[in-house]
Amino acid sequence: MRRYLLSRFGQAIFVVWAAFSVSFLILYVLPGDPVAIMLDARGEGVLADPAQVAQMRSQFGLDKPVVVQYLTALGRAVQGDFGISIENGQDVVETVQKALPETLKLASLALLISLALGLGIALAATYTRRRWLSDLLLCLPPLGVSIPSFWIGLALLQFFSFGWAIFPATGNAGFAALVLPALTLAIPTSAAIAQVLAKSLQSALRQGYIDTAYAKGASRRRVHLLHALRNAAIPTLTLVGMSAGHLLGGSVVTETVFSRTGIGRLTEIAVQAQDIPMVQGLVVLSTLIYVLVNLLVDLLYPLFDPRIVSAQRAYA
């Protein structure tokens with residue numbers, strides 16, 4: 001178990017470093033000067049004073065070689081210091097801390113809805129004895145995955161905000177303003193969870209241990225929920241871990257559609273302005289959350305399948 005944990009922690013640290021490095025290189029090779037973009041924030045094409053540009057490039061360390069910029073940024077990031085935003089002049093960590101709670105609330109509610117919908121559809125489709133109902137339920141996941149998130153958001157706005165005025169269309173005010181953005185993120189995610197879990201359940205229900213459980217007198221509900229679901233859960237756990245990153249990434253579009261303030265809107269503004277310190281902070285934050293969720297999922301694997309730990313011991 002110790003080797004298993006050390007291996008997962010090592011992979012997590014490598015992923016965070018790789019995300020930081022790749023994002024730095026991508027931002028560096030983008031055309032344009034972030035200082036010039038900031039000075040021409042209105043996009044009027046006004047030529048900035050060269051002396052002012054040089055002074056600001058020196059202030060943010062952009063006049064140094066790229067290797068020096070990278071090592072300096074990496075050294076600060078290790079200490080939790082991502083510098084000052086080029087776009088607004090505020091501390092990156094403080095700015096992210098202000099925006100993070102709204103995005104976490106949105107992603108958490110979306111994940112809860114995804115799990116409830118995905119689990120419900122998969123269990124109902126594999127438990128019912130009515131063939132037409134099972135086929136109908138199994139048609140829903142491919143449909144949900146194929147619809148773009150922004151289209152779902154616009155459709156929900158049209159019906160529940162502009163049409164029936166049940167939920168507010170924009171803003172961060174209260175739980176009601178959170179429902180439609182969370183549904184927008186949750187529908188494609190729940191469809192993927194339902195598709196993977198339904199396939200895993202169908203496969204698990206054909207295994208020999210299911211016949212053994214019936215032979216020992218277990219009820220159909222117990223076999224379905226206890227024996228089959230437990231063995232079918234591992235692929236779904238993997239997908240749930242990946243979905244955490246998808247939900248954070250998807251918040252960029254969703255927060256834009258619903259005019260919400262959060263990490264998504266902050267990312268959009270930072271990328272447009274080539275705000276390297278801010279983008280670096282956001283990338284590391286998103287990667288950390290993604291890695292921690294997947295690390296938690298990895299730690300849950302042995303609870304569902306003890307053979308994973310046994311395999312690690314045999315490999316050691």
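Mentor: Rings of Phe, Tyr and Trp (its six-membered ring) pair if their centres lie within 6.5 Å, and planes under 30 degrees apart count as stacked, over 60 as edge-to-face and the rest as tilted. By this rule the count comes to 6 aromatic pairs in this predicted model, where local features need pLDDT of at least 70 and side-chain atom pairs pLDDT 80 or more, whereas totals for chains, interfaces and linings use all residues. Residues are numbered from 1 along each chain as its sequence is written, and side-chain values use heavy atoms, without hydrogens and water. In one of these pairs, the ring centres of Phe14 and Trp17 are 5.8 Å apart with planes at 45 degrees, so the pair is tilted. Both residues belong to helix H1 (residues 2-29), 3 residues apart, about one turn of the helix; helices here are DSSP runs of H or I, at least four residues, and strands runs of E, at least two, numbered from the N terminus.

Turning to the packing of helices, H7 (residues 149-163) and H8 (residues 176-204) meet at an angle of about 140 degrees, their axes 9 Å apart, with axes fitted to C-alpha atoms over the stretch in contact and angles running from 0 to 180 degrees between N-to-C directions. H7 and H8 are therefore oblique to each other, that is, neither under 35 degrees (roughly parallel), nor over 145 (roughly antiparallel), nor 65 to 115 (roughly perpendicular).
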